[in-house]
Amino acid sequence: MMLRSCFVIALTMDPHPDLFADGNETSGNALPIQMARPVGIARVQKPNRKQLELRPSDLESLLPQEHRARIVWGYVERQDLTGLYAGIKAVEGGVGRAAIAPEILFALWLYATLEGIGSARAITRLTQLHDAYRWICGGVQVNYHTVADFRSQQGDVLDDLLTDNLASLMAVGVVKLKAGAQDGVRVRASAAAASFRREEKLESLLATARERVAALKKQVDDDPGAESRRKAAAQARAALARESRIEAALARLPELADIKKRQGKKPEEARASTTDAEATVMKMGDGGFRPAYNIEFCSDTESQVIVGVDVVTTGSDMGQMAPMVKQVVDRCGQAPQDWLVDGGFPAHDQIDAVASQTRVIAPVPKPKAKTKDATAPTNAPDDVQATPEAPVDAHQRKPGDSPAVGDWRERMATDESKELYKQRAATAECVNAQARNRGLVLLPVRGLKKVKAVALLFVLAHNLMRMVRLAPELIGIGTGTSGIPEMAG
């Protein structure tokens, strides 16, 4: 009772009479209507972005109707993928786990190529993080081994798909093959310059590698521990792979030595890579020398559709025209009327080889020598001035020229051919630049076969975007049979 009285007294004694001057004054012994809040740390709700949320949604709603991933899928679902299905061992009524649909893997690689992504591991991560890749997968889980194996093992099928696509584009009149432009682009190989070794060093490395393989195999057989045995087995596989790469480098040395000999250099200076034996040191666009592959493209000048692709291990374009003409004829049934190439292509034997199939439009090299005026005798006195040397006309037939070479020289003197040649850079250089922009700068694979598969993916992706622009009906745009109502820009 005493404590309560003291509490009441303390409330009635106001040491600050102006505290309630806003109209809430107290009178007599009444308690104040409002009391001051104690001063302390504010209590607020802060964001926690690590917490998990469960939101009901479907994959179909993740992408707008005009998204590029839908365009890629519309293209893929209209392709004849019989060749891809032929290798699937899991069948209805049989045993084993169902395989991933080839349409998914093909679409993943096409979309990734258009986005400038060339890593199988990166694609696998994006299938968990990126809506477009998740939409393509449609809930199917993929691993990077399966994604990588598709690219490296399906090169022949991709080549057939390119032929089928060109047939479709020719059928609707997009590709007319009035003129074709060929050019090569050197792409950095996945091999270091330090991996190139001469024959003596390669022999030493091979002996060491074989000893390493034998020691690891013995360790696997002798070690009873399961965990250490698996580790040693993995090391043995890696050592065996290195041994095979060194053997491949030694096998390629005679070819490289022959090239050195033709260049007037010492054959014993030839070197091959222990990382990628088929990579060759080439002069790049910036003037430096690096391991690379030379990827050849041939494009229709009117539509800029790529009609031919090849990968060679020589840095020069000399000698690559006739094989490309043959490839285009095999794919399309005919060669372009005019074949536009730069000055690195037209060797005389190449012009002769293609003369019956196409007309070569290429600059004639300037002559290295000039003819002297025969009116001045060679033993004339000093006071007799000889007539100045007359320049040689490069467009005139020479005594040793074949009919095809002579026709080429005379043809390139006309204004029509000079005007037509301007289309070469506008087509070939544009195609090369688009390939660079899509990531064709450093090859993510090793070996000629795998590099060819990478080049085919770039060609299919390029032609797909040309198809969207020139023949959208081939992938269902605007026909009512596709989920894409309008053509994407």
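Of the 489 residues of the protein chain, 40% count as buried, where buried means under 20% relative accessible area, exposed over 50%, and partly exposed in between (1.4 Å probe, protein chains only). This is a predicted model, in which local features need pLDDT of at least 70, side-chain atom pairs count only at pLDDT 80 or more, and totals for chains, interfaces and linings use all residues. Residues are numbered from 1 along each chain as its sequence is written, and side-chain values use heavy atoms, with hydrogens and water left out.

The accessible surface of the protein chain comes to about 28,700 Å², computed by the Shrake-Rupley method with a 1.4 Å probe; for residues, only the protein chains shown count as cover. Carbon and sulfur atoms hold 53% of that surface.

The protein chain has 15 helices and 8 strands. These are DSSP runs, numbered from the N terminus: helices are H or I with at least four residues, strands E with at least two. Now take the contacts (heavy atoms within 4.5 Å). Among those in the protein chain with a separation of 6 or more, 67% join residues 24 or more positions apart.

Next come the charged pairs. How many salt bridges does a search of the whole structure find? It finds 18, a salt bridge being a side-chain nitrogen of Lys or Arg within 4 Å of a carboxyl oxygen of Asp or Glu.

Start with R70 and E60. Their side chains meet in a salt bridge at 2.6 Å, N to O. R70 lies in helix α2 (residues 68-76), and E60 in the loop between α1 (2-12) and α2, so the pair ties together parts that are 10 residues apart in sequence. R70 is buried, with a relative accessible area of 5%. E60 is partly exposed, at 42%.

Now look at R331 and D159. The closest N and O atoms of this salt bridge are 2.6 Å apart. R331 belongs to helix α11 (residues 321-332) and D159 to helix α8 (residues 155-171), so this bridge ties together parts that are 172 residues apart in sequence. R331 counts as buried at 10% relative accessibility.

The next pair sits within one helix. E255 forms a salt bridge with R252, with the closest N and O atoms 3.5 Å apart. Both lie in helix α10 (residues 226-262), 3 residues apart, so about one helical turn separates them. E255 is partly exposed, with a relative accessible area of 38%, whereas R252 counts as buried at 8%. Elsewhere, salt bridges that share partners join R210, E243 and E247 into one network.
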